[in-house]
Amino acid sequence: MRARLTSIAKWFDGLRYSQKYLLVGLLFALPAVVAVGLLASDSSIRIDRYGYQEKFGTQYLRATRQLMDDVQQHQQLVHDQLIVGTTARAERLAQLQAKIDQDFVDLDQVDQKYGGAFKSTGSVRALQRQWLELKQNWQNLNFDTNLQLHAQIVTDVRTLIALVGDASYLILDPDLDSYYMMDVVLLRLPEAQDLLAQTLMLGRGVVERQTITPDEKAQLLIRSGQIKSNLAAMKTSLQVALDNNPAQNLKPLITTPAQANIDASEQFLTALEERVVNSAAVSMTSAEFVAAGQQALSQSYRLYDAASPALEAVIQNRINQLLLQQIWSIIFATVTLLIASVISTALMRSISRPLNELTRATQQLAAGDLTARVNVSGVSEAAKVSAAFNEMAGRLQSTQQSLTTSTEQLRASSEVGRAAAAILDQDQLLREVVDLIARRFGFYYVAVFMVDSAGQSAVLREASGQAGQALKERGHFLDVNDQSMVGAAITQRRAHIALDTGAKAVRFANPLLPDTRSEIALPLTIGNRVLGALDVQSTQAAAFDESYAAILQSMANQIAVALNNAEQFKQIERQSQLQANLAQLSRSLYSATSTEELYQALVTAVSGIVPHDYLSLSLVQSEGAHLREYQLHADAEHLITEGPVRLTRNTLSGQALASRQAAISWDFDSSASPLEDLTQLQHQGFRAAMSLPLLIGERALGTLNFANRDRTAYLVPNTPVLDQVASQVAIALENLQLVQAQQHSLRDLESLTRQLTGQAWANQLQQSPGQVRYKQYARSGVKVDLPTTLPEVELAVETRQPVAWTQTGDDQAQTPYQASLAAPIMLRGEVLGALQVGEVSQPRQWSDDDIAFMQAVADQVALALDNARLLEQTERRAQREQFIAEVSRKMLAASNLQSIIQIAGDELGHALQVGRTEVTVGQTELEPADQSQLQPETSARS
């Protein structure tokens, strides 16, 4: 073998210079030609993928724009037709359906050209089938089903857009200007059009009714937030595209339609928030709302119509640049080969073996095998080149891995950010985030812990996998201290990494996660507040480096902000509902007119304000020494159950009255409570209780008592709300007691007034026994002989109501009238008589106005009669006083006793109209010793 190599070397030494040059040149040119070929091939691939394929994808997507627009218009027309069907709308629907059919024809033509490459034909056929089914059956479907079918078609169109975006490499565009223009065309604009259509459909029903429900308000707020988020992302993408567009051909194409789209969308959102969602009353008409929404949607489609050709122009510019680069690369490579060929005559000697090795490795590297390496031996120039190649391949492999990892991390972070911005429910948010992190990064276990209200424990809120589900079901939590990774991250407010869990002292070893080799715990912070921690575990040792920690901490911060937003949103909802419940409680209590109504209002309204499983009212008795308890039931047959009477000094209610503030007892222990009412509640299974004093100034009416089976129900009481509830209940009780006392007094006064009125008129009738109590009046020429009593008059007096009567053929009434109307004459609840009119000649139907007029006249007669009675009494009293004054004057003028007696007898006889008057004047009986003082009797008779 050695002899053969020696002979070859001698043969090579024996070659002429030209032959050596040719041989060395050929050997040197071979790897360069291969490299240039691979470079040209790679350049062709890039031109095809990131040039023509993206261009064809843009053309394909343009066909879906009109389809989505027409389907959304069809959805609104179907909505209008189902609510108010007209011939004009039916004709418009027929025209629009024909237009959508043409849209599918256009889409099918584009799909025939590019569908094979994009694998989109099946999706197009499915869309066509869905459209045919909807077009044929929409008139037989209800509104909700129609809405779902339209929404499904729009969703499938967006899915088709995403499919074409992936297949045409638009989603992997390498340049910033075309990548962010692709983001606008492929993602942002279809999403914005879908959100605008949903908001327009949802808000249209609100403005048509001019009322908005809390659920509609929440949905419109969510849609508004999503549209704002979409607009912000679109602005960012457009700005990045414009800032990184070296050809400067985007700005004149998209600036004007982009600004018009943003202005129209912001105007629509402003009108929606100020005049519909946040307004005290909906102040926007349906026409205004639809016009604003359609303007925003129209501008969005106009922006799409401008952005899609702009994207195609950018891609075409890239194709031209890549072709030019390919040509120059070939020229440069050719020139380089020529120069290398000249230089190789002096430099290359006996380099076939390392050159072949380097060529092999280069081919493997160009084919995509980044693990290819050259065996390096010696210290020659070829060995140095080989070493440099190996270093380059290693760095290239590391760079590719780093880029792949960073891309995945950024995508995952972006998805987490979108989920955090779009979801306001904490549980759903945590499920989405945990699933995204575990799925996109391939982690063994991902969990989110939240600090409890006491700040002592970190409670597991969401975790991935079966182990996470099992831990959630058992209520897994960790103490907030340095004894666990999660606790340490929360207390120290910084990330904790365990590259080898066996060597990390503070790691919490969980038997459900036996394969964990490394772990990272990151705090969820918002400002100076720590909400919890994100815990991530991997089956690989040292899986978390600084880049991973930075990405995960960024996601943790996004999660914390989203959790805080969700919590604030939930607090706002709770506060709004609480204020509504307080207002309802106030209205219900103040509208109650009886004890039963007040208790019913209390049971119904307080359930939404204070959580409870038991509700009772204790009222003060025996001058504050005792309390009578009344249990209130929401769904029982009887609203009130009367409870025992207890001493105030031995009850939780008594403590509330004594302290004049809420008395709370929570987490009952197993031993008997020293308080009577708590002992009873404890036996019934309750673990927390609260009593609110019902106070009116310094006076205590009683307490309002709550009990709950949850030991933490009243751990952090909302004192202002509780004071407001207690104050409203106390005022309502006091008002009801005052009303009842006032009503009782009014009834007594009314009864006394009736009694006095009756006695006064009885005396009046007794004093005038000879007066006629029955009067008849007739118009000129009309004469009627009336019986002593009329049945309609008796009925009016008996029922105290007006009586209208009309003669019929079957009537045998004891009345001479063909029609009669009687009304009682009533004064202060007493019937004085009746007022009656009659029609002699013909029957008559009495109207409500006739009856009301008759009763009004009767009421005026009652007042006039009473006034006449009072006037007569006044006149009689005046005459009597005048008579007494005259008699007194005459007697004062008399000079002796006999004259005085004579005047008294004469005046009394004249006034009383009697035939004899006797006046006797004498002395009273005296003691026997005083008999001598007796004077003779003086007498006068007339």
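Met450 has Gly532 in β6 as its bridge partner. This pair belongs to a predicted model. The two strands involved, β1 and β6, run antiparallel and are joined by 6 bridges.

β1 and β2 form a hairpin with 5 residues between the strands. In that hairpin, Gly455 takes a positive phi near 75°. How many residues of β1 are buried? The count is 6 of 7, so β1 is largely enclosed by the rest of the structure.

These strands sit in an open sheet of 6 strands. The order is β3-β2-β1-β6-β5-β4, and the pairing is antiparallel. Strands β3 (477-479) and β4 (496-498) are the edges, and each pairs on one side only. On average, neighbouring strands of this sheet are turned by 25° against each other, direction ignored.

His496 stands opposite Ala521 in β5.

Which helices meet this sheet? Helix α12 (residues 426-441) packs on it and touches β1 (445-451), β2 (457-463) and β6 (529-538). The direction of α12 makes about 70° with that of β2. Helix α14 (residues 485-492) lies across β1, β2, β3, β4, β5 and β6. α14 runs at about 35° to β5.

## Strand β7 and its partners

β7 pairs with β12 (residues 699-708) in the antiparallel sense, over 6 bridges. Within that pairing, Tyr614 has Ala707 in β12 as its bridge partner. β7 also pairs with β8 (residues 626-632), antiparallel, over 7 bridges. There, the bridge partner of Val620 is Leu627.

| Strand pair | Bridges and sense |
|---|---|
| β1 and β6 | 6 bridges, antiparallel |
| β7 and β12 | 6 bridges, antiparallel |
| β7 and β8 | 7 bridges, antiparallel |
| β14 and β15 | 9 bridges, antiparallel |

The structure holds 5 cavities of 30 Å³ or more. The largest cavity has a volume of about 150 Å³. It is lined by 18 residues, and the closest to its centre are Glu629, Arg646, Ser653, Asp677 and Asn705. The elements that give two or more residues to this lining are β7, β8, α17 (652-659), α18 (676-683), β11 (688-696) and β12.

Which element gives the most to the lining of the largest cavity? Helix α18 does, with 4 residues. In α18, the residues Asp677, Leu678, Thr679, Leu681 and Gln682 are buried. The cover over the buried residues of α18 includes β7, β9 (640-647), α17, β10 (663-666), β11 and β12. After α18 comes Gly685, whose phi is positive, near 95°.

## The three-stranded sheet

Another open sheet has 3 strands, in the order β13-β14-β15. The pairing is antiparallel. β13 (803-806) and β15 (830-839) stand at the edges, each with a single partner strand, so one side of each is left without a neighbour in the sheet. The twist averages 15° from one strand to the next.

Strand β14 (residues 819-827) and β15 run antiparallel, joined by 9 bridges. Pro824 has Ala834 in β15 as its bridge partner. Helix α21 (residues 848-893) packs on this sheet and touches β13, β14 and β15. The direction of α21 makes about 40° with that of β14.

## The whole protein

The secondary structure of the protein comes to 22 helices and 17 strands. The protein has 942 residues, and 39% of them are buried. Among contacts with a separation of 6 or more, 63% join residues 24 or more positions apart. The protein exposes about 51,500 Å², and carbon and sulfur atoms supply 53% of that area.

Note on methods. Residues numbered from 1 in each chain as written. Predicted model: local features only at pLDDT ≥ 70, side-chain atom pairs only at ≥ 80, totals over all residues. Heavy atoms only, no water. Pairing = 2+ DSSP bridges. Axes fitted to C-alpha atoms, helices over the stretch in contact; angles between N-to-C directions. Contact = heavy atoms within 4.5 Å. Buried < 20%, exposed > 50% of the residue type's maximum accessible area, 1.4 Å probe, protein only. Areas by Shrake-Rupley, 256 points an atom, 1.4 Å probe, with all protein chains shown as cover. 1 Å grid on protein atoms, 1.4 Å probe; cavity = no way out; pocket = protein on both sides within 12 Å on 5 of 7 lines; lining within 4 Å. Points joined across faces, edges and corners; volume = space filled by probe spheres on them.
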